[in-house]
Amino acid sequence: MQTRSRTLTAVAAALVLGLTAGPLAAPAFASPAGPATAAHATTGPDAEALRAALAGLPDSDATAALVRVGGSDGTWRGSAGVHDLASGRKADPNALFRAGSTTKVVTAAVVLQLAAQDKVDLDAPVQHYLPGLLSSAFKPVTVRQLLNHTSGIQSGDGFGDSFEDAYAHRFGTLTPKQVVASAVAKGPEFDPGERQDYLNINYTILGMLIEKVTGHSYADEAARRVLRPAGMHHTYFPGTDPRIHGPHNRGYQAVKQADGTTKFIDVTEWNQADRWAAGDMISTTADLERLITHLFRGEIVPKLQLEEMFTVPSNIEGADMSAGLQRFEYGGKVYWLKSGARYGYSAVVVATRDLSRTLVYSVNSTDAKGESMNPVAQRIALAALK
C-alpha cells in the first residue's frame, strides 16, 4: 500500500509545537535493558536530555532506539532497549534496520546526478522517458514534479489496508510494475503542479526512470552513484529477500487482542519489494549520517543540482517538500529531514544545511505506521534539536 508519510509531517509538527512526552514504564513482557549508553559526548548536544529521551526502554512504544547527533559543536552517540523481547539482551548500537522512505534521499540523488550529466531533463515529462507507462488520462508530468510530489499520480495498491492483511502477505511479492499499473488505472488525482501530495508512487516511477536511462538496475546505480561514494558500506537493497542480513534488532508490531490485551508480533522478516526505490533500503545510523554529510557537502550531487534538494515549490500553498527532503523551521533554524517507517522500524535523518547540527535515529517502534509520532522518537528529536 502506497501511503502518505504521516510520520514525516508529524516530526516537523511535533518540533514546531514544542510537544513533550515523558518516558513510559517498561511493559511486563520484558525487563528494562538498563540506562541508555553513550559512546561519547562533548559540550555540544545536551547529553542529559538525550539520555533521558532514551530512558525506560523497552516500553510499550518502542523496544530499542539508536541515536547519533552530530555537528560543528560536538557529537553524541547513544542506544537503549533490547535486541529482542524473548532474550532481553542489550540492543546492538550498530544494528542494521529497515530505513523505509529515507531511501528517497538516495533515489533523488541518483536522479539529480543524471540531470547533472544531461541524461535527464528535470523539466521534461516522464512520458518522454517511459512512453506508455502513464495513460492518456494524464497530462505531462515532469521529472521535477515526481521529485517534489506534485505529480498528481494516485497511490498504488498493496496487499491490504490493515496490518493484518499486510502481515498475512508479508512473504509475497508485489512488483513495482504492478504497483504502478494499479496507480495508473485510477487516473490522476489532480493536475500536475496543482498540489503537493507525498506518495511513494512518485519515487517508484523514478526508480523505473533510472533503470530506463542507465540500462542498469536501480540497486546497482544507487550503490555506484551514492552508497559507495558516501562510504555507506553496510547499506543495501534486499529486493524480495525478507531477511535482514547482518546484526540487527528485532522489530515488533503491537496488536490489540479481543480480550483487551496487547500482543507484540515479530515483524522483522518481511518482503519489501513493492517499496523499492521509495523505501526498500536497509541501513545503519552511521551510514545514514554519512549520507547526509557527504550529500550536503556537495560530494554526491553537484552543487547546482543539489539546490533542488533545498527548493520547495513556491507556487503551492503549504508546500514543504523538495527533491527527497522536507523543510521545517524550529528554534530559529531551518532543518531538512527525511523519515522512514516500516512495520517494526522507524528512522529519521535531519540536518541543517550547513551541517551545524545533524540527527539520525532508528527507533524500533511498536506502531511504526501509526497516525501519530512515536513518543520515543519525539523525545529524541526534541532533545537533539533544542
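This is a predicted model: local features need pLDDT of at least 70, side-chain atom pairs count only at pLDDT 80 or more; totals for chains, interfaces and linings use all residues.
Are Glu289 and Arg77 buried or exposed? Both Glu289 and Arg77 are buried.

**Figure 1. Glu289 and Arg77 join up in a salt bridge.** Here the two side chains meet, with 3.4 Å from N to O. The partners come from distant parts of the chain: Glu289 belongs to helix α11 (residues 285–296), while Arg77 belongs to strand β3 (residues 76–81).

**Figure 2. Lys139 and Asp191 form a salt bridge from two loops.** The N to O distance in this pair is 3.1 Å. Lys139 sits in the loop between α4 (126–129) and α5 (143–147). Asp191 sits in the loop between α7 (176–185) and α8 (200–214). The two are 52 residues apart, so the bridge links distant parts of the chain.

**Figure 3. Arg225 and Glu221 pair up within a helix.** Their side chains meet in a salt bridge, at 2.6 Å from N to O. Both residues lie in helix α9 (residues 218–230), and the four residues of spacing amount to about one turn of the helix. Arg225 has a relative accessibility of 5%, which is under 20%, so Arg225 counts as buried. Glu221 is buried as well, with a relative accessible area of 1%. Elsewhere, salt bridges with shared partners tie Arg68, Arg77 and Glu289 into one network.

**Figure 4. Helix α8 crosses helix α9.** Two packed helices are described by the angle between their axes and the distance between the axes. For α8 and α9, the axes come within 9 Å and cross at roughly 85 degrees. That angle falls in the 65 to 115 range, so α8 and α9 are roughly perpendicular to each other. On the α8 side, look for Gly207, Ile210, Glu211 and Thr214. They meet Tyr218, Glu221 and Arg225 of α9. By type, the residues of this contact are two nonpolar, two polar and three charged.

**Figure 5. Helix α3 also packs on α9.** Their axes are 9 Å apart, at an angle of about 80 degrees. So α3 is roughly perpendicular to α9. Which residues of α3 take part? They are Thr103, Val106, Thr107, Ala109, Val110, Gln113 and Leu114. Facing them from α9 are Tyr218, Glu221, Ala222, Arg225, Val226 and Leu227. This contact divides into eight nonpolar, three polar and two charged residues.

**Figure 6. The largest nonpolar core brings together 71 residues.** Val106, Val143, Leu147, Ile205, Leu295, Phe296 and Met309 are the ones that touch the most other members. Helix α3 (residues 103–116) gives the most to this core, with nine residues. Another core lies apart from it, with 30 residues, including Trp76, Ala80, Val350 and Tyr361. Now zoom in on Phe296. Setting aside neighbours within four places in sequence, Phe296 is in contact with Leu306, Phe310, Leu325, Trp336, Ala351, Thr352, Arg353 and Leu355.

**Figure 7. Tyr335 sits in strand β9 (residues 333–342).** With a relative accessibility of 2%, Tyr335 counts as buried. What does Tyr335 touch, leaving aside its neighbours within four places in sequence? Its contacts are Gln326, Arg327, Phe328, Tyr330, Val350, Ala351, Thr352, Arg357 and Leu385. Take Thr352: it is 17 residues from Tyr335 in sequence, with 4.6 Å in space from C-alpha to C-alpha.

**Figure 8. Helix α7 packs through its buried residues.** Which residues of α7 are buried? Pro176, Val179, Val180, Ser182, Ala183 and Val184 are. These buried residues pack against α8 and α10 (276–279). Just after α7 comes Gly187, which takes a positive phi of about 80 degrees.

Conventions
Residues are numbered from 1 along each chain as its sequence is written. Side-chain values use heavy atoms; hydrogens and water are left out. A nonpolar core is a set of buried Ala, Val, Leu, Ile, Met, Phe, Trp, Tyr and Cys residues joined through side-chain atoms within 4.5 Å. Buried means under 20% relative accessible area, exposed over 50%, partly exposed in between (1.4 Å probe, protein chains only). Contact means heavy atoms within 4.5 Å. A salt bridge is a side-chain nitrogen of Lys or Arg within 4 Å of a carboxyl oxygen of Asp or Glu. Axes are lines fitted to C-alpha atoms, for helices over the stretch in contact, and angles run from 0 to 180 degrees between N-to-C directions. Angles under 35 degrees count as roughly parallel, over 145 as roughly antiparallel, 65 to 115 as roughly perpendicular and the rest as oblique. Ala, Val, Leu, Ile, Met, Phe, Trp, Tyr, Cys and Pro count as nonpolar, Asp, Glu, Lys and Arg as charged, and the others, Gly among them, as polar.
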